[in-house]
Amino acid sequence: MTLMTRQQYIESLRKLNLNVYMFGERVENPVDHPMIKPSMNSVAMTYEMAQQPEYEDLMTAVSNLTGNKVNRFTHLHQSTEDLVKKVKMQRMLGQKTASCFQRCVGLDAANAIYSTAFEVDQAYGTNYFENFKKYWTMIQENDYTVDGAMTDPKGNRSLGPSEQNDPDMYLRVVERRKDGVVVRGAKVHQTGIVNSHEVVVMPTISLKDKDKDYAIAFSVPSDTEGIIIIYGRQSCDTRKLEEDADIDLGNKNFGGHEALMIFEDVFVPNERIFLNGETDFAGMLVERFAGYHRQSYGGCKVGVGDVLIGAAALAAEYNGAQKASHIKDKLIEMTHLNETIYSCGIACSAEGCPTAAGNYLIDMLLANVCKQNVTRFPYEISRLSEDIAGGLMVTMPSEKDLRDPVLGKYIEKYLQGAAPVPTENRMRILRLIENMTLGTAAVGYRTESMHGAGSPQAQRIMISRQSDLEQKKQLAKNIAGIDDNK
């Protein structure tokens, strides 16, 4: 089997024995849990779309490892065309779900590890590249969803991994055996881990020689003994637990999730290790992953932005304000900001180049510019959507009040907008905007836009490194007729 169907994916999750906790209790059945299910539906769309002929070109590719057709979320990029299609695929899925579809981190981790492992082998004669090729062939052939785990808790940010009062603040090797290693630590902000079959783990920062035990990259099944998953809270999340919840959810069918994932002395066999003590390559792996993931935001955040712009336009129409010049101007500005992000995502893809391993890497400078824009523009798009929607978005009564035989008539009467739009439709679009800017989807669209794939300063540091100011200064000297040799 190479491509799973939506239903096969869901059934495959039922076979996992995940150790998931929420609100202090073990979740026995994550697949059907009302708070988790919408996020699972978002991942399921990556399988559903791959089965539809009209999306085959975006959603699938031919594997360089096997020659078989695979889901693009398991593909190792073989050209700039692959990089561009990745961004277009992510935009399309953002449009379909208005949420995070959770397979991007694993895809970006795979491409970063593939090229880095090759170069580690070249330098040290290790076998990481073959390990990873065999592992990733298995992922492609089973069409598994892979969670990418990079971010450590970090403890005291002014101290390095080996300097922490608690050495577990960064995930590390605590025991080395002939057949593998034992690791301990945690990874935070784990997007989609409950919906994933596997997890690929990487270091989170560049490392020094004394941090050898922290220079570890590997994979394990998500239900491996010793892994504990503590499900994260989201704004308005318990609305999903309400009986017959619909309108108040804003986005009933789709969502995302994050979790704290603990590795309590987890054994990793040798064949699943892709970096083990080579501290001088940790920075390369981190930077390549970050670059790929910053590219990803040029697709997924834009697709979600498309939905939010559409919701704002509908809110204006339902309010009877769609012809106002300032409303039109705000929608234009939202579109301009959204397309600017997309332009950067496409640009860093089109300017990509092959690595020594053969897969393609994006243009790192443009990828960082893309993510720098993402740290700002979704916030402004959100602000403008709230401006257009009006205060009723956060003050209107609940769906139960609307359905109440006594109260409902008052809500229908006083919350109506422009005729002939039903009051319920107006409430639905306002709840969608609330969901995306303040509710559960705001995790992926707002705060993740700030901190995901590195906070703003991380991109600014990379932009500074890659901007080649000396070359630009020389260009200016050439034009101005300055000769330093005179």
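A disulfide is a pair of cysteine sulfur atoms within 2.5 Å. In this predicted model, a search of the whole structure finds 0 disulfides.

**Cysteines**

- Cys 104 is in no disulfide, and the nearest cysteine sulfur, in Cys 300, is 5.4 Å away.
- Cys 104 counts as buried because its relative accessibility is 7%.
- The sulfur of Cys 236 is too far from any other for a bond, since the closest cysteine sulfur, in Cys 100, is 18 Å away.
- Cys 236 counts as partly exposed, at 31% relative accessibility.

**Aromatic rings**

- Phe 132 and Tyr 135 have ring centres 6.2 Å apart and planes at 55 degrees, so this pair is tilted.
- These two residues, Phe 132 and Tyr 135, are 3 residues apart in helix H6 (residues 128-142), and are therefore separated by about one helical turn.
- Phe 132 and Tyr 135 are both buried.
- The rings of Phe 132 and Trp 136 are stacked, because their centres are 5.5 Å apart and their planes lie at 15 degrees.
- Trp 136 is also in helix H6, 4 residues from Phe 132, or about one turn of the helix, and Trp 136 is buried.
- One aromatic cluster is formed by Phe 132, Tyr 135, Trp 136 and Phe 274.

**Charges over rings**

- Arg 91 lies over the face of Tyr 342, at 4.4 Å from the ring centre.
- Lys 301 lies over the face of Tyr 297, at 4.3 Å from the ring centre.

**Salt bridges**

- Side chains of opposite charge can pair when their charged atoms come close.
- Within helix H6, Lys 133 and Glu 130 are 3 residues apart, about one turn of the helix, and their side chains meet in a salt bridge (3.1 Å, N to O).
- Lys 133 is partly exposed at 23% relative accessibility, and Glu 130 is partly exposed at 33%.
- Glu 163 and Lys 210 meet in a salt bridge of 2.8 Å, N to O.
- That pair links distant parts of the chain, 47 residues apart: Glu 163 is in the loop between strands E5 and E6, and Lys 210 is in the loop between strands E8 and E9.
- Arg 184 forms a salt bridge with Asp 265, with the closest N and O atoms 2.7 Å apart.
- Arg 184 lies in strand E7 and Asp 265 in strand E11, so the pair ties together parts that are 81 residues apart in sequence.
- Arg 184 is partly exposed, with a relative accessible area of 24%, and Asp 265 is partly exposed, with 37%.
- A network of salt bridges links Asp 246, Glu 399, Arg 403, Glu 424 and Arg 428.

Note on methods: Residues are numbered from 1 along each chain as its sequence is written. This is a predicted model: local features need pLDDT of at least 70, side-chain atom pairs count only at pLDDT 80 or more; totals for chains, interfaces and linings use all residues. Side-chain values use heavy atoms; hydrogens and water are left out. Buried means under 20% relative accessible area, exposed over 50%, partly exposed in between (1.4 Å probe, protein chains only). Rings of Phe, Tyr and Trp (its six-membered ring) pair if their centres lie within 6.5 Å; planes under 30 degrees apart count as stacked, over 60 as edge-to-face and the rest as tilted. A charge sits over a ring if NZ of Lys or CZ of Arg is within 6 Å of the ring centre and within 35 degrees of the ring normal. A salt bridge is a side-chain nitrogen of Lys or Arg within 4 Å of a carboxyl oxygen of Asp or Glu.
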